[in-house]
Structures are given as C-alpha cells and as structure tokens.
Amino acid sequence: MAGKTIRRLQELPSTHLLGTGTPMCAGCGGLEILHEIYDILGPKTVFTNAAGCMSLLSVYPYTPFRGSWLYTAMASAPAAAQGIRDALDILLEKKRIPPGDDLQVITLTGDGSAYGMGLSATSAAMDRNLDFIYLCYDNEGYGNTGQQYSSATPHAALTATSRTSHGYPGYKKDLFSIWAAHRPAYVATVIGAEPLDLAQKVEALQELQGPRLLIGLAPCPTGWGFDPSLTVKIGRLAVETGIWPLKEYRDDRTVHTRIVRHRKPVEEYLQLQDRFRHLFEPERNNREIALIQARIDQYWSKAIDADT
Amino acid sequence: MFRIRFHGRGGQGMKTASRILGTAFFLEGYEVQDAPRYGAERRGAPIFAYIRADRKPINERGIIAGPDLVVVADDSLVPLPAAGVLQGIREPTVILLKSCESGATWRQRLNIKNPIVTLPETGEAEDSAELRYIGAACAGAAAGVLGIISRESLAQAIQEELGRLGEAVLAKNRANALASFDAIKKSAAVNVTEGGSIPAQPYKRPAWIDLPFEDARISAPVIHAGLTSVEVRTGLWRTMAPVIDYSLCRGCWWVCSTFCPDGVISVRDNQPVIDYDHCKGCLVCVAQCPSHAIAAVPEKEEQARKKAVAGEAS
Ligand SMILES: Cc1ncc(C[n+]2csc(CCOP(=O)(O)OP(=O)(O)O)c2C)c(N)n1
Ligand code: SF4
Ligand code: SF4
Ligand code: SF4
Ligand SMILES: [Mg+2]
C-alpha cells in the first residue's frame, strides 16, 4: 500500500493484511489500530513486541504477521529494535541483502511498557536517533494481567489494583509531550475509530527517517468494562469529548489534526464504561465529573492558543 | 473433598463465580482452593475455573481431573472439544448447565446417565449487558445443588467479592444468585457427593517424553511461515452472529471492513463478505453500519438456519 496517498475514506484498504484467528478479545480496540496500521505499513516489516496482550498475537505455532516478530521483555522492545536495525544495516552494507529487501523496524508495546517500564529504553533509542517506528496501543492499564493500573490510567478509573471504589487517584501521564521533548522525527496520537486520520499519519511517518512514535488509544472492552460492540463508539466519543486529542509533532511543532468545535460533555464518554460507573451510581459524583471536564477544557484552551 | 469445575467463556464471569462459591465454602468453615485457568484465550474463548473444598487441609494441587460437580455457563460449550466440559466425569458427577433445554434432553443427546440440572437461560446471549451477571447466578445455583451452603453465606460471599463494584451492581448480582439458589433448591432432587481422597501411591507418571537440551537454534519456538493464525477458528467464540442483508447494504466506504477489529470483513465483487470461521461476534460492524444493513442473530439460530439451507440444497 505504501506510496499510494489516502485522501478520502473511500481510499482506505478493504482487504486486510493482518491474519485472522488471533487470541485478542472480541472487540479489541488495540487490534483494530494494529490491523489498520498494518494495512498501510505492509508486509516488509519486522516487529519487536514487549510482553502485554499483543505478545499473545504470535504464540507458537501461530502468527498473524506476514513477516518476522520478536518477543521481548517489557522494558526492552526499543533495544531489540536497535539490534535488528543494526543487523539490517550491516547486511545492506555488505550487500548480503539488496536494498529492496530492507525492512521497517516496528516496536509494538502496551502502555505499561511505553509509559512505564520501557520509557528509559525508548528515551535512549531516541537519543541514538534510531530509525524505527514505535506503536503504543494504550488501553490505560496492564491489560494482559487483568487491568492493574499503569501510569497511563486516567483519573478515577477503577482498575484491578483499586483498593476503594473511587478508582485511580492519579492522573494520566502526558507521554506525547515526554516523547516530543526528545525532538524525534515524528510523534502522533491516533485512534482506530478515526481511520483516515490514522492512515494519513502512518503515511506521513513513512516519508521520514529516525524515531517515529505513535500512541493509539485502545478502547478495551475487557479492562474498561463495556460491551465489545461499543469499541468504535467509545473511541469516537474519546475524540468528540476532547479527552483523546488527535495531534502530531514534527519539525519542532505540535499541531492538532482534529479540533472539535463543540466538544461533547465528557460524561457521555465516561458513562458507557464500568470503570467509571462509580461516578454515576449510586449517586452522581458531580465534583469528580466537573474536575475531569475542567482538565479537558483547560487542555483545549491552551492547545488552541498554541496551534494558532 | 468437593471438587468443582466451572466452564464458561471469557466475559461470562466464571472467575467471579468460582470466587463467590469459594468464599461461601470458606464462610461455612471449609478449607478452600480456588483458581481460574486461562491462558492466551480472551473474552469469548472457553475458560475454566476450579474449586476444591474440604473440612481437612487440602494437599492436592493442580487442575481437577475428576470433578464432583461441573458448572457450565453456556451450553454452546458442551459440544466443543476445546472446552472439555465432560472431561473426567464419573458416574455420580453432577452437571449444572445453563440451558433452556431439559436435563433429560441433554442426557439423551450426550448419551450419559449423570444427573443434569439445568438453569434456564434468561436472554443473556441476546442482551450482552446481562452477561456479567451470569457468574453470580451460576454460583448461586451451584451453592443450591451442593446443599451444604446456606443462603446467608452465599449472600455474604457476594458482598465480599463484589462489594467494591457499588450497590447497584451488587444488588443485581445478589438478587440473581439468590433467585437461582432458591429455584434449584426447590426443583432439584440431586445431591453432589464428595469425592474421596486420591492416594499418592497408585499415581502413575504420565508418559513423559524427555527432550534433550538443544541449541537455541533448534529448541526456540520459531515459526517459519506467515499468517498461520488463520488455522485458529475464533468463530467458535461467537454467541451472536452478524448477518448482512445485501438488499440494505449500500456499499458505503466499507465502514464494516475498516472497523472490524479482527479484519474479517473483506470486499469481494463490490460486496462486504464476513469470514465466519474467524468472526468473534463482537458486533462492532452491526453498531457501525450506517445503513443498518447488518443484523445480530443468535448463533444457535444462525447455525440452525445454515443447516436447514444445507439440507435443502442436498
Ligand atoms: C518485567 C515484567 N514485569 C511484569 C510482567 C508481567 N506482565 C506481562 S504483560 C503485563 C502487562 C503489560 O501491560 P501493557 O504494557 O499496558 O500491555 P497490555 O497488557 O495492556 O496489552 C505484565 C505486567 C512482565 N512480563 N515483565
Ligand atoms: S484485554 Fe483489552 S487490550 Fe487486551 S486483548 Fe482484551 S480488549 Fe484487547
Ligand atoms: S458498513 Fe453497511 S452499508 Fe457499508 S459496506 Fe458494510 S454492510 Fe454495506
Ligand atoms: S461481529 Fe462484525 S466486527 Fe465483530 S468480528 Fe464479526 S465481522 Fe468483525
Ligand atoms: Mg496496557
């Protein structure tokens, strides 16, 4: 698919490259992002995958990928990408593979790795200007082990680690800014529910070299507690309420790729998920809902100023 | 010792069911072991949970090979070899099945003599919001057939296990569990008998095959081909099937094909085609189709319909 420019929804691929029969949950928002991205990146790719839900994609003898895939410890997927990039470069240099056989090296991890355990390895990879693509599918918790909190968990979300019914007391870490502060070639946020925005970003990053990083919000029916049929609806609400800003960083500048003029109240997003149910039952917690809303409003009033 | 095995699909709350029943046993003064077992499988895939409960310390470990009671949350699992519902059942093993068909029908169908108690389905398959209450209902019914767990211990166990989910969820689970407890107590004339202890002496080692310690190039689990995952039929996870009405499909920009998380809808001859061998039944496509051209049909009905069509054709 590379090389073809996608401008309209009609031009999105309608046959898919990622294999079916994976062990991801029905309605997995992370798998939706991966299959949309894979359609554009194509089979000339090699993945390094930190432990998490997606490391179950390739369980011997099954794999949905058309190319190679390497399993790594939670903290070291970007380091594995370095090793593979170096090996490819050596092979190219010694002419043991023709330039046409070069591969794109992609690191695939959850938020537990990206925001936490693997952050140091990612930072170091950016320092070394590693030529790779990083995809973090962010389901806002340690999904594979039963949705314990991670530093991507949003305020008030109930996780398996919550001791009380008030949910996570902290706030979601701003990984986009942390990554962008390293001034890599490209950083963007995406979501499976906005496939055109996603496709255009993946096409844009393929034109670049160096570290190119994506964070995709991955609605997770199992960990967030909603009916699997709602994955896309919840993803779209995340954008429409402004809780998941779609943006990209390149050339020292951050631009929002979608600015919602009339943002929906965040409770429309929260209400559909069991992890936030305690904000509405047994009685409405107006204070917490207003706090979450205020943080979103504050983000956007700053963001719009900065963009223009 | 009571040995109980729960079978369900990920998302049907069997892990919760076993926790509730385990805690109820504990409140009755039993020693309890309670463990869910799931691996790479996810929501929709068959999962298991085990309980051992005894008045004496429990030294037995591992999976339960010979259960005294088998609890099945979803009767579509019974014919699935991967679910192993009937594995290791003995003559007195009681089977508790969530099904709208009778125990007699199931006994005949499976050609077994075991006592089979059925707990009627209450439309959970159609309304997936109800799915998460199946666990508590199954725990309640299991407590009912066991006969040694009081209504109070059951209610207390639900409080302990689900209290943090808030009063509304708790109340609904408690009501469901107690209702199935009462229904089973009233109707079922079966009793679960405790299995005896299993002595260690006659234990035969499995026929292990010793693998030599090989070089990583030989022993590492390397997959030498792409796309092998298609051999896994995740279509078996489905309880509801998406069915496209081609007279309503307007061949939009293939919304269904892009949004299907599993990528199982492809476009052929300008029509979207669902690969039912792999569709997991999440129903994202049903929710997203702008023309409302995709309907959600219970898998059982869809299978019956396909069988009928196949019959006509032959
Ligand atoms: C160093 C280390 N600690 C803990 C684990 C156990 N573990 C496996 S997957 C996982 C959760 C990872 O969370 P995330 O990166 O967000 O991916 P997700 O499971 O949500 O897809 C954990 C804690 C591990 N594999 N390695
Ligand atoms: S737990 Fe969530 S992220 Fe993991 S496979 Fe299931 S839906 Fe996907
Ligand atoms: S989304 Fe609906 S209208 Fe569009 S192609 Fe699919 S079935 Fe047809
Ligand atoms: S129900 Fe629809 S969206 Fe879900 S896996 Fe099946 S075809 Fe795909
Ligand atoms: Mg995660």
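Ligand 2 sits between chains A and B. Around ligand 2 we find Met24(A), Cys25(A), Cys28(A), Cys53(A), Asn139(A), Cys220(A), Pro221(A), Thr222(A) and Arg42(B). A residue is near a molecule here if one of its heavy atoms lies within 4 Å of it. By class, that shell has six nonpolar residues, two polar and one charged. Nonpolar means Ala, Val, Leu, Ile, Met, Phe, Trp, Tyr, Cys and Pro; charged means Asp, Glu, Lys and Arg; the others, Gly among them, are polar.

A word on the model. It is predicted, so local features need pLDDT of at least 70 and side-chain atom pairs count only at pLDDT 80 or more, while totals for chains, interfaces and linings use all residues. Residues are numbered from 1 along each chain as written, chains are lettered from A and ligands numbered from 1 in written order, and side-chain values use heavy atoms, without hydrogens and water.

Now the interface. Chain A brings 52 residues to the contact, chain B 43, with contact meaning heavy atoms within 4.5 Å. About 3900 Å² is buried between the two chains, and carbon and sulfur atoms give 59% of that. Buried area is the accessible area (1.4 Å probe) that two parts lose on being put together, summed over both. Which three residues of chain B supply more than any other three? Arg42(B), Arg43(B) and Arg164(B), with 18% of the area that chain B buries against chain A. Recall that Arg42(B) is also in the shell of ligand 2.

Next, ligand 1. Of the 16 residues around ligand 1, the nearest are Cys53(A), Gly112(A), Tyr137(A), Gly143(A) and Asn144(A). Cys53(A) also belongs to the shell of ligand 2. Polar backbone atoms come in here. One, from Gly112(A), is 2.7 Å from a ligand 1 oxygen. For Ser113(A), the distance from a polar backbone atom to a ligand 1 oxygen is 3.1 Å. A backbone N or O atom of Gly143(A) lies 2.7 Å from an oxygen of ligand 1. The shell divides into six nonpolar, nine polar and one charged.

Conventions. A polar contact is a pair of N or O atoms within 3.5 Å; within protein, one must be able to donate a hydrogen and the other to accept it, and residues adjacent in sequence count only if both atoms are side-chain atoms.
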